[in-house]
Amino acid sequence: MKRSDLSNLNIRLKSLAIFRALLDDPVISALCGFLDCVESAPAEQAVSRYASFLSRLYCCGSDSLAEHIQKITADSENAFIRLVGSGKTPSPEMTACLNEELNILQSVADLTPQTLRQGLDWDGFLPAFPPVQLDIPSYYRARIRDIGKLGYGIYAQYRMFFLNPKGVIVPVRHPDSVTLASLVDYRREQQIILDNTQALLDGKPAANILLTGDAGTGKSSTVKAVVNELYGKGLRILEVRKEQLHQIPEILDALNTNPLKFILFIDDLSFQRDDDNFSALKAILEGSVSAKSQNVVIYATSNRRHLVKESFSDREGDDIHRNDTMQEIISLSERFGIQITFQRPDKKTYLDIVHHLARERGLTLSSEELDAGAERFVLGRGGRSARAASQYVDSLTASAKGPKQSE
C-alpha cells in the first residue's frame, strides 16, 4: 500500500456516517492522526503519531487491531442498528451506506505494521501488532440477524445495569456471578421465576413478580441467578431503587424499542404509609407494565408480605375507614401477577446449605463439626437462613480451618 493509498483510506474513514461515532474511539482517532501526516509531515512527527496509535491499541487490552475494530463495530449503537432493533426495515440507501462503511472498516482491520511502515521514512525500531484475519461485514450481519439475543450498544456488552442518581442507565461492570446450581433448595420457587422469565423471552404474556420472605433466604440471588442463566437468550436486568420508581415510565420509553428483554428489579421494597413512591408503583402496576411494554417485567423483593409498614394508627377510626385503609395496603401486593414466598429454611435445609457451600470451598471439617458450628453461629442472629449459612462458611474459610492447600 502506497502513501497515497493510506491517505485515501484516511479520507474514507472520515466519510463514515452510520459508524461516525467510531471516529471518537481512541485507537481510531490516533490512527487517523497518524494517517493525517504520512504524506507531508516530518518523520519524527509521523513516528510519534504511529507510536501513539500503538500505545492506545495496547491500552485497550488487546494488541490486535482487527479484533479491536470488530469489537467496536459490533458494540456500536448507531442509527441503523437502532432501526433494526425496533423492528423496522432500513431503506435501500441506508443499507448501501452500511455495506460501504463495513468495507471501509474491513480495510482498517486488514492493516498490518508493514503496510503502515510504508508511510514512514524511518528504518529504526517501531512497535508492532499481530495481523489477524477477520471478516467484519459477515460478523456484523450475523449480529444483526441475532439482535434479539445479542442486543447492541452497552446492552451487548453487559447483562446487569442500575439507574444512577442522574437517571442514567449504567452497566454493572463486575456483576454477581451467582448461578441457580449454586443455590441450595427453593427449586419450586426458582422454577416459577424461570418459567415466567422464559415466557417473556418467548414473547408470551409474562407477569410481574413479588418475592417475599425472611431476610437472607436468597430472593435477590435467585433473580440474579435467573439473569445469568438466561443472559444468552437476550435477558438483561436493570436495578431501580425505591426513590427512583417515578422514573420507570421514562425507562420504559427508553427500553420499549430495544430488541432485548428486561427485568426491572426493585430490591428490599417497603413503604411508609404516606410514601409518594407507594402511589407511583401502584399506578405503574395498575397500568400493567408487561402489557404496555412487551419486553419488560418488574420483579421486586420484600421482607414484608404487604409492602407497607403498618402502624396501630392505621387501624384506628370507624370500620369503613379501617377497611378501606387495609384494602389499599393489600391491593399493592395483589397487583403483582405472581407472588412467591421464600420460607426460612428448617434445620435440615440450613445444614444442607452449609455442607454444599463447604464442599464448594474445599473445607475439611467433619460433618459433626460443621453441624455444631453452624448451629452455634446462628444463635443471636435471628435464626437460620441461607445468608447465615454463607456467612458461617465464609468465617471458616478465613480461619485456620480453611480449605485444603493444593499439593
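**Reading a mixed sheet and the helices across it**

Me: In which sense do strand 3 and strand 7 pair?

Reply: Strands of a sheet pair through backbone hydrogen bonds, either parallel or antiparallel. Here strand 3 (residues 209-213) and strand 7 pair in the parallel sense, over 5 bridges. Pairing needs at least two DSSP bridges between two strands. Strands are DSSP runs of E, at least two residues; helices are runs of H or I, at least four; both are numbered from the N terminus. Leu210 stands opposite Gln339 in strand 7.

This is a predicted model, where local features need pLDDT of at least 70, side-chain atom pairs count only at pLDDT 80 or more, and totals for chains, interfaces and linings use all residues. Numbering runs from 1 along each chain as its sequence is written, and side-chain values use heavy atoms, leaving out hydrogens and water.

Me: What is the strand order of the open sheet?

Reply: The 7 strands run 2-1-4-5-6-3-7, with mixed pairing. Strand 2 (169-171) and strand 7 (338-342) are the edges, each pairing on one side only.

Me: Which strands does helix 11 lie across?

Reply: Contact means heavy atoms within 4.5 Å. Helix 11 (residues 187-201) lies across strands 3, 4, 5, 6 and 7, at about 150° to strand 7. Angles run from 0 to 180 degrees between N-to-C directions of axes fitted to C-alpha atoms, for helices over the stretch in contact.

Me: Is Asn196 buried or exposed?

Reply: Buried means under 20% relative accessible area, exposed over 50%, partly exposed in between (1.4 Å probe, protein chains only). Asn196, in helix 11, is buried because its value is 8%. Leaving aside neighbours within four places in sequence, its contacts include Ala207, Tyr299 and Ile338.
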